Amino acid sequence: MILMTLPQFFCYQNSKVPHSLSSFRFSISHLTSNVRFLEVLLNFFLISGLKQSKMKEFKIVVLGNGGVGKSALTLQYVQGIFVHNYDATIEDSYRKLSKVDAENARLEILDTAGTEQFTGMRETYYQTAQGFVLVFSLAETSTFENLKQTILEIMAIRGEEVPMVLVGNKSDLAETRQVEESDAQNFARKLRIPYIETSARLNQNVSEVFEECAVLIQKSAKNHVERRRWSSESEIRDKKCKNWFKSCCCCLIPCCPTD
Ligand SMILES: Nc1nc2c(ncn2[C@@H]2O[C@H](COP(=O)(O)OP(=O)(O)O)[C@@H](O)[C@H]2O)c(=O)[nH]1
Ligand SMILES: [Mg+2]
């Protein structure tokens, strides 16, 4: 693809200046697609170039019923395009450079098949993801109900602190909306997870979803390190206490050196 498209791009650069309005329009759309291609290419080279560096990586899995817009959201975020036709995904993985807490980060996004289709892969996804983007369609109540079940399953395996973002997609379909914002918001509040309404079609709140998920992963990793440090510090303190009691067996007052 690269070999074919690069020469095309350079040919365009060397071509004559268009003189009629129709060819001018054609050249603008051609230019836009070339710019988009270059953007994707640049992203690709940056990612490969930085592969060896110590850039932080965030593994995000996108889950939800088939047809809710998982691929549309992912492609809108990674490539800036909206796919109109529905093509059932098996599994696609994408990479995108972003910033998390003002630091460069690489987001690895796994776009899955519908949750109803991958029962065999379910456990693997639940265990390997660092964070989850959980998508339902605002225009289909059943996709919200099914997603509730998925969330409970993930929490049963990974605990309640697992980083996840609940996403109500297709907010542009206002006339056919079936899930009220307040219902989804209340559900998310109970589980203490963020809820975001998106439109992959209009590119509304799309980057917010993935970037919020990365921030949650970062926070969760920091908390984990903090908890481990705290527990190893208290282990050391306990040991010191025991040794101190041993060497001071005549002392009946329960006390411990605090340093
Ligand atoms: N109106 C509207 N349609 C969408 C939106 N997101 C996805 N779709 C459409 O819904 C269908 C299924 O989308 P897709 O991303 O393939 O769903 P997936 O199976 O969850 O990956 C496609 O026809 C998309 O064009 C959206 O935000 N608004
Ligand atoms: Mg898909």
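This is a predicted model: local features need pLDDT of at least 70, side-chain atom pairs count only at pLDDT 80 or more; totals for chains, interfaces and linings use all residues.
Six strands make up an open sheet with mixed pairing, and their order is E2-E3-E1-E4-E5-E6. Strand E2 (91–100) and strand E6 (195–197) are the edge strands; each has a single partner strand, so one side of each has no neighbour in the sheet. On average, neighbouring strands are turned by 25 degrees against each other, direction ignored. E2 pairs with strand E3 (residues 103–112) in the antiparallel sense, over 10 bridges. Within E3, Ala105 stands opposite Ser98.

**Helices across the sheet**

| Helix | Lies across | Angle |
|---|---|---|
| H3 | E1, E2, E3, E4 and E5 | about 155 degrees to E3 |
| H6 (residues 181–191) | E5 and E6 | about 155 degrees to E6 |

**Around ligand 1**

Ligand 1 is surrounded by 21 residues, and the closest are Gly69, Lys70, Ser71, Ala72 and Arg201. Helix H3 (residues 70–79) contributes the most to this shell, with three residues. Sorted by class, the shell holds six nonpolar, 11 polar and four charged residues.

**Val206**

Val206 belongs to helix H7 (residues 206–247). Is Val206 buried or exposed? Val206 is buried, because 26 other C-beta atoms lie within 10 Å, and 20 or more count as buried. Leaving out residues up to four places away in sequence, Val206 touches Leu73, Gln76, Tyr77, Thr198 and Ala200. Gly80 is 126 residues from Val206 along the chain, and the C-alpha atoms of the two are separated by 10.0 Å.

How values were computed. Residues are numbered from 1 along each chain as its sequence is written. Chains are lettered from A and ligands numbered from 1 in the order in which they are written. A residue is near a molecule or strand if its C-beta atom, placed from the backbone, lies within 6 Å of it. Helices (H or I, at least four residues) and strands (E, at least two) are DSSP runs, numbered from the N terminus. Ala, Val, Leu, Ile, Met, Phe, Trp, Tyr, Cys and Pro count as nonpolar, Asp, Glu, Lys and Arg as charged, and the others, Gly among them, as polar. A residue is buried if 20 or more other C-beta atoms lie within 10 Å of its own, exposed if 12 or fewer, and partly exposed in between; C-beta atoms are placed from the backbone. Two residues are in contact if their C-beta atoms, placed from the backbone, lie within 7 Å. Two strands pair if DSSP finds at least two bridges between them. Axes are lines fitted to C-alpha atoms, for helices over the stretch in contact, and angles run from 0 to 180 degrees between N-to-C directions.
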